[in-house]
Amino acid sequence: MRTDDDIVTGVLALVGSLIAIVGNSLVCLTIYRNLRLRTPTNVFIHALAIIGLLFAVLIGPSITVTCFAGRQWIFGQHFCNFQAFMILFTEFATLHTIALTAFNRFCRMTKPHLYKKIFPSKRRSTAILVLTWAIQLGFISAFSLPSFSKYEFSARRATCVLVFDSKSADLIYCVTKTAFYFGVTSVVVVYCYSKVFWNIREHARKVSNTFSRTRERVNVEEIKITRTVLGVVMFFLICWIPEYIISMIIRLHPNHLHPILDRIVVLFLFLSSSLTPWAYAVTNREFRAEFKRLLTCKTRQETEIVEMPEVVA
């Protein structure tokens, strides 16, 4: 039976999906159109936008319809398997892509020689990303074998979830997931950004007039990029960590949490996918300018002409 809470959740899921599709599409188009933004770092930013787009297009509509249907699953078992698999992939791929982004900034700001070896080009960054995502797919596939697990619809979550046949398999999954995803990502992000901002502070102390203006400009630009990336990464973590913790508690102790937390988890996922793309526009001038061009259907030349100051003869 459909309740008012289901309708509210469905409306929020629908609005979140639409905003996520527009925002993440703008990020992808912005990086594609602007040559200056096609950097090894932005490969990972692009990847996060693609994940958000996949979630909004492939998962969002089914959650919306399920809520409007009174939390009744109407899509069949095959799509249930697909939805649950994609939810797991977006969760795992997001966390490790965030870790890669933090490590990329760490190398760029503190270990330039290491950065040139590991991230010499966009092609190398893409290869590292593809390998990381392949590991996520292998991990999910290994725990999704029909011999000891299956995908089932959860009315509390309004989504399909991975269910194990035994408590021991469930425990192994939880421990592996916690250590390999939540643990690794948290340690990498905290360590990398603490080192990065310690380096920025030390750099600010040592800056002197003997540095060339070009060197100074490069450092300032890199610091701005790092702060932008940190803001986006922290927003992702704020949205995903509650989902991660609540999901683990529900799996281990399903009756110890209030049902409303299941809906909050779903809304956090939509919040991450829908609002994160706009964080780029708020924190980065080039993204903001390109978003404006795309939304107003103007070319770069037209925008530059409009923004050019008048010359008084």
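This passage walks through the predicted model of one protein, from its overall make-up to a few of its residues.

The structure is a predicted model, in which local features need pLDDT of at least 70 and side-chain atom pairs count only at pLDDT 80 or more, while totals for chains, interfaces and linings use all residues. Residues are numbered from 1 along each chain as its sequence is written, and side-chain values use heavy atoms, with hydrogens and water left out.

The protein has 10 helices and 2 strands; here helices (H or I, at least four residues) and strands (E, at least two) are DSSP runs, numbered from the N terminus. Read from the N terminus on, the order is α-α-α-α-α-β-β-α-α-α-α-α. Of the 313 residues in the protein, 44% are buried, where buried means under 20% relative accessible area, exposed means over 50%, and partly exposed lies in between (1.4 Å probe, protein chains only). Contacts (heavy atoms within 4.5 Å) were also counted: of those with a separation of 6 or more, 76% join residues 24 or more positions apart.

The elements that give two or more residues to the patch are α1 (4-33) and α8 (260-283), and α1 gives the most, with 6 residues.

Strand β1 (residues 149-154) and strand β2 (residues 159-164) pair in the antiparallel sense over 6 bridges, pairing being assigned if DSSP finds at least two bridges between two strands. Within this pairing, S149 stands opposite F164 in β2. The hairpin has 4 residues between the strands, and A158 takes a positive phi near 60°.

A search of the whole structure finds 1 disulfide, a term used for a pair of cysteine sulfur atoms within 2.5 Å. The disulfide is formed by C80 and C160, with their sulfur atoms 2.1 Å apart. It links distant parts of the chain, with C80 in helix α3 (residues 76-110) and C160 in strand β2, 80 residues apart. The link of C80 and C160 is left-handed, with -125° about the S-S bond. C80 counts as buried because its relative accessibility is 1%, and C160 is buried with a relative accessible area of 3%. Two further cysteines, C28 at 15% relative accessibility and C174 at 3%, are buried as well.

Helix α3 holds H96 too. H96 is buried, as its relative accessible area is 9%. Leaving aside neighbours within four places in sequence, H96 is in contact with T132, Q136, F180, Y181, V184 and T185.
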